[in-house]
Amino acid sequence: MRDSSKPEAAFVLLLLQALFWMAAGISAIPFAVGGEVFMLALAMGSLLLALGACLLGIGIVWRRRWPRRLAMGLEVLCLAGSLLLLALPVGANHGLVSWMVNVVLPAAVILLLRKPASEVRAFN
Amino acid sequence: MFDIAPDHAIGLLAGFLALPVALTAVLLRPARRSVLGTQLAASVLMFVVGAIHLGLVASHLDEPVTAWLFAANGATYIGLSQLFTWRWWRPASASLVVMSVLGYIVYVIVGLDSPDQVSIATKLLELVALGLVLVPVRGEPATARRTWRWTALGIAVPMLMVATTSSVWIVDLARPDARHAHAGAILQPTNQVATPEQAAAAAALLAETKAAIAPYEDWHAAWAAGYRPGGPQNMPSTHWMNQRYVDAGYVLDPNRPQGLVYANSRQGPVLLGAMFQMKHLGQFGPDPGGPLTAWHEHQDICFTPFGFEFSLMTPTATCPVGSIDISVPPMLHVWIVANPKGGPFAVDIDDRVVRAIDNA
């Protein structure tokens with residue numbers, strides 16, 4: 001019997017999310033060079049997070065349990081943070097891409113990684 | 001880049017309308033049971049992308065080549081989305097996505113299209129579809145060319161994502177529209193050329209402001225009045241904000257500007273000008289000088305409380321970890337020093353002015 005392809009779909013989304021964080025990290029470096037020293041720490045944090053998301057995706061494809069749990073936690077955190085930011089009157093971007101990247105993508109990963117009883121074997 | 005172009009809105013509508021059709025098309029196919037979930041998801045996304053491109057044909061009829069390309073691309077996407085049981089479906093779909101994304105990048109770089117939310121969102125859908133088409137699934141038959149597909153996935157998706165994001169961003173920064181003074185700053189809409197009355201009003205505002213903030217040339221007086229520096233002090237200039245005046249919401253009051261801008265020179269802070277700020281987002285202030293005194297609002301900037309520093313949000317709406325995406329209420333600078341690049345009400349002070357003060 002063939003395995004579920006949900007872990008592979010989650011991997012693809014995590015790979016894209018890692019690329020988004022990588023771009024954000026790299027984009028902060030010129031500001032750090034321009035004198036905003038804390039931006040260097042944020043850039044490094046973003047790049048490390050991108051690497052972490054990639055590794056979690058690989059762990060998920062290998063059907064390991066801990067990467068799945070970690071990824072679920074990460075995505076719940078991202079989703080909650082994004083929804084909070086969208087709700088606060090701070091002028092956050094409410095555009096189509098923002099919704100797709102910051103809300104739909106984490107929600108899709110959560111849906112793909114949640115474990116219905118019928119698919120328990122997928123992550124065994 | 002963060003707006004929806006009027007001629008692209010119809011494509012977005014077509015995409016939303018196509019989603020239930022795409023799902024129904026997949027559900028009605030008995031063959032769906034014999035293929036992977038990743039293939040079905042890719043099929044749905046390709047159908048939606050095809051519908052978006054077909055939807056854009058009508059609004060691009062005045063550009064026949066573009067309209068034809070949209071029509072051919074959309075029809076091919078929709079056709080291929082239904083052929084997921086075809087032996088060559090993966091290479092054909094992957095090739096289509098790669099060509100479509102590369103074509104978009106060329107269009108944007110050449111200047112035939114301006115990046116907007118619909119086009120960026122469509123490229124993201126295409127890249128997700130590409131990933132789903134290529135990703136090998138555990139348990140697939142040995143003939144599935146797993147190594148080749150992992151290699152293609154690991155190269156194509158990151159390369160195309162980086163190429164798309166960087167092209168869109170570079171083009172947006174290099175070719176801002178008339179209302180974007182620079183990245184992240186949108187100007188108040190005004191008439192094109194200042195009338196004599198507006199020019200006189202602008203000159204009066206400059207003179208009043210210059211006289212009113214003269215005492216703050218001594219930064220101790222500014223400190224005593226409640227102004228405090230915000231952000232890093234190692235930058236060429238720093239905004240000093242008066243929170244009491246910000247909260248009070250004084251509107252274009254030369255005696256109570258919300259902020260002062262100082263050059264961080266070797267001799268200590270040197271007053272460059274004042275900054276008036278409105279209290280609410282999207283609420284541009286009174287504009288006595290017309291185009292000469294247009295307010296500007298900083299949108300989609302990434303702010304971190306660590307050191308009160310800023311960077312710019314990426315085209316994929318992401319900020320560095322530890323910062324949040326915010327916009328700042330409209331502001332108007334009044335430079336009391338000569339500002340060769342832009343004049344006394346420009347969004348930015350000329351770097352050469354600050355350097356000259358520092359070297360004085």
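Predicted model: local features only at pLDDT ≥ 70, side-chain atom pairs only at ≥ 80, totals over all residues.
Good morning. I begin with one pair of residues: B:Ala263 stands opposite B:Val270 in strand 6 of chain B. The model scores ipTM 0.91 and pTM 0.89. For chain B, the average pLDDT is 91, and 97% of the residues score at least 70.

Let us stay with the strands of chain B. Strand 5 (residues 259-265) and strand 6 (residues 268-277) of chain B run antiparallel, and seven bridges join them. The two strands form a hairpin, with two residues between them. Is strand 5 of chain B enclosed or open? Five of its seven residues are buried, so strand 5 is largely enclosed by the rest of the structure.

Strand 5 of chain B also pairs with strand 4 (residues 237-242) of chain B, in the antiparallel sense and over five bridges. Within that pairing, B:Trp240 has B:Leu260 of strand 5 as its bridge partner.

Moving on from strand 6 of chain B, we reach strand 9 (residues 324-335) of chain B. These two strands pair in the antiparallel sense over five bridges. One pair to look for on the screen is B:Ala274 with its bridge partner in strand 9, B:Val334. Strand 9 of chain B also pairs with strand 7 (residues 296-304) of chain B, again antiparallel and over five bridges. Here B:Cys302 stands opposite B:Asp325 of strand 9. How many of the twelve residues of strand 9 of chain B are buried? The count is nine, and strand 9 is thus mostly covered.

I turn now to the helices of chain B. Helix 2 (residues 37-55) has 19 residues, which at 1.5 Å a residue should span 27 Å; the C-alpha atoms at its ends are 27 Å apart, so expectation and model agree. Helix 2 of chain B is mostly covered, with 18 of its 19 residues buried.

The same check can be made on helix 6 (residues 146-174) of chain B. Its 29 residues should span 42 Å at 1.5 Å a residue, and its end C-alpha atoms are 41 Å apart, which agrees. Among the buried residues of helix 6 of chain B are B:Leu153, B:Val157, B:Leu160 and B:Met161. What covers the buried residues of helix 6 of chain B? The cover includes helix 4 and helix 5 of chain B, together with helix 1 of chain A.

Between helix 4 and helix 5 of chain B there is a loop, and B:Ser114 has its place there. B:Ser114 counts as partly exposed because it has 17 C-beta neighbours inside 10 Å, whereas a buried residue needs 20 or more. In sequence, B:Ser114 and B:Arg175 are 61 residues apart, yet from C-alpha to C-alpha they are 9.1 Å apart in space.

Chain A has four helices and zero strands. Its C-alpha trace spans about 55 × 30 × 20 Å along its principal axes. Of the 124 residues in chain A, 47% are buried.

Where do the two chains meet? In total, 47 residues of chain B are in contact with 42 residues of chain A. On the side of chain B that touches chain A, the largest share, eight residues, comes from helix 5 of chain B. That side divides into 26 nonpolar, 17 polar and four charged residues.

In soluble globular proteins, nonpolar side chains tend to be buried together. The largest nonpolar core in this model has 96 residues, and A:Leu14 and B:Ala129 touch the most other members. Helix 1 (residues 6-33) of chain A gives the most to this core, with 17 residues. Leaving aside residues up to four places away in sequence, A:Leu14 touches A:Ala53, A:Leu56, A:Gly57, A:Ala71 and A:Val109. Thank you for your attention.

Methods:
Residues numbered from 1 in each chain as written. Chains lettered and ligands numbered in written order. Pairing = 2+ DSSP bridges. pLDDT = per-residue confidence, 0-100. Expected span 1.5 Å × (residues − 1). Core = buried A, V, L, I, M, F, W, Y, C linked by C-beta atoms within 7 Å. Contact = placed C-beta atoms within 7 Å. Nonpolar A, V, L, I, M, F, W, Y, C, P; charged D, E, K, R; others polar.
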